[in-house]
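I'm jotting down what I look up as I go.

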Amino acid sequence: MLDEPTESVHATAVLVEDRGILISGSSGAGKSSIANELMQRAAARGGFAALISDDRCVLRAASGRLICNGPNSLQGGLEVRGSGLHRVDCEPAGVIHLVVELVDSSQAIRFADDTKTVIAGISVPSLVLPERAVEAVCRAVEARLFSEHWQK
C-alpha cells in the first residue's frame with residue numbers, strides 16, 4: 001500500500017455526533033474554546049462528542065475522505081487559555097466533514113453555502129467565521145451540520 005501524503009496544520013479538531021470539525025485560525029482565535037463548547041453542548045443534549053486533537057492536526061486523504069489525527073503526545077489534552085492543558089474525552093482519529101476558519105470579524109462570510117476548502121486533495125465544506133465569537137461559531141457549526149437548509 002502506498003503511503004498517503006499528509007499535512008500537519010495548526011488547528012483543533014473535534015467530533016460531534018458522527019461529524020468531524022476542523023477549526024483553524026491564529027493563536028488566541030478561540031479554536032480550543034469552540035471545540036470545548038461544542039463538546040459541552042453535545043453532552044447537554046445527551047449526544048456524543050470527543051476531541052481529536054488540539055493545537056496540531058495531521059490530515060491525510062483516504063478513500064476520498066479527509067482523515068484527521070493528532071500527535072500521541074497531545075492526545076486527550078485541551079488548552080484552556082491561562083490554565084494550561086486539561087484532560088477531555090478523545091478519539092485517535094476522525095473524518096472531517098466541515099472546516100471552520102476563524103478570521104477577523106471584517107473578513108467573516110455571512111452566507112457561505114457553497115464555500116469549500118481543499119486539504120490533502122480533498123474538498124470539504126467550510127465556514128469562514130469571526131474569531132473569539134464562541135457562541136456564534138457554535139450555532140453556525142451546529143446549523144450547518146445538523147439542520148436542514150431552507151430551499152425556495
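This is a predicted model: local features need pLDDT of at least 70, side-chain atom pairs count only at pLDDT 80 or more; totals for chains, interfaces and linings use all residues.

**Strand β2 and its neighbours**

I started at the hairpin of β2 and β3, where 2 residues sit between the strands and Glu-17 takes a positive phi near 55 degrees.

Next I checked how the two strands pair. β2 and β3 (residues 19–24) run antiparallel, joined by 6 bridges. Within that pairing I found Ala-13 standing opposite Leu-22 of β3.

β2 has another partner, too. I looked up β4 (residues 49–53) and got an antiparallel pairing with β2 over 4 bridges. Val-16 has Ala-49 as its bridge partner in β4.

Then I asked myself: is β2 enclosed or open to the outside? I take it as largely enclosed by the rest of the structure, because 6 of the 6 residues in this strand (residues 11–16) are buried. The cut-off behind that call is under 20% relative accessible area.

I also wanted to see the two faces separately. Side chains in a regular strand alternate between the two faces of the sheet. On one side of β2 I have Ala-11, Ala-13 and Leu-15, on the other Thr-12, Val-14 and Val-16, and all of these are buried. Both faces are covered, then.

The largest pocket comes out at about 390 Å³. I count 16 lining residues there, and the closest to the centre are Arg-110, Phe-111, Asp-113, Ala-143 and His-149. I noted that β11 (122–130) and α2 each put at least two residues into this lining. Sorted by class, the lining of the largest pocket has 9 nonpolar, 3 polar and 4 charged residues.

The second largest pocket has a volume of about 230 Å³. Its lining takes in 13 residues, with Gly-28, Lys-31, Ser-32, Glu-79 and Arg-81 nearest the centre. α1 (31–44) and β7 (77–80) are the elements giving two or more residues to this lining. Which element gives the most to the lining of the second largest pocket? That's α1, with 3 residues. By class I wrote down 2 nonpolar, 6 polar and 5 charged for the second largest pocket.

**Gln-151**

Buried or exposed, I wondered about Gln-151? I put Gln-151 down as exposed because its relative accessibility is 63%, and the cut-off for exposed is over 50%. I also checked Gln-151 against Ala-140: they are 11 residues apart in sequence and 18 Å apart in space, C-alpha to C-alpha.

Technical notes: Residues are numbered from 1 along each chain as its sequence is written. Side-chain values use heavy atoms; hydrogens and water are left out. Buried means under 20% relative accessible area, exposed over 50%, partly exposed in between (1.4 Å probe, protein chains only). Two strands pair if DSSP finds at least two bridges between them. On a 1 Å grid over the protein atoms alone, a cavity is a set of points where a 1.4 Å probe fits but cannot get out, and a pocket is an open set with protein on both sides within 12 Å along at least five of seven lines; lining residues have an atom within 4 Å of a point. Grid points are joined across faces, edges and corners, and a volume is the space filled by probe spheres set on the points. Ala, Val, Leu, Ile, Met, Phe, Trp, Tyr, Cys and Pro count as nonpolar, Asp, Glu, Lys and Arg as charged, and the others, Gly among them, as polar.
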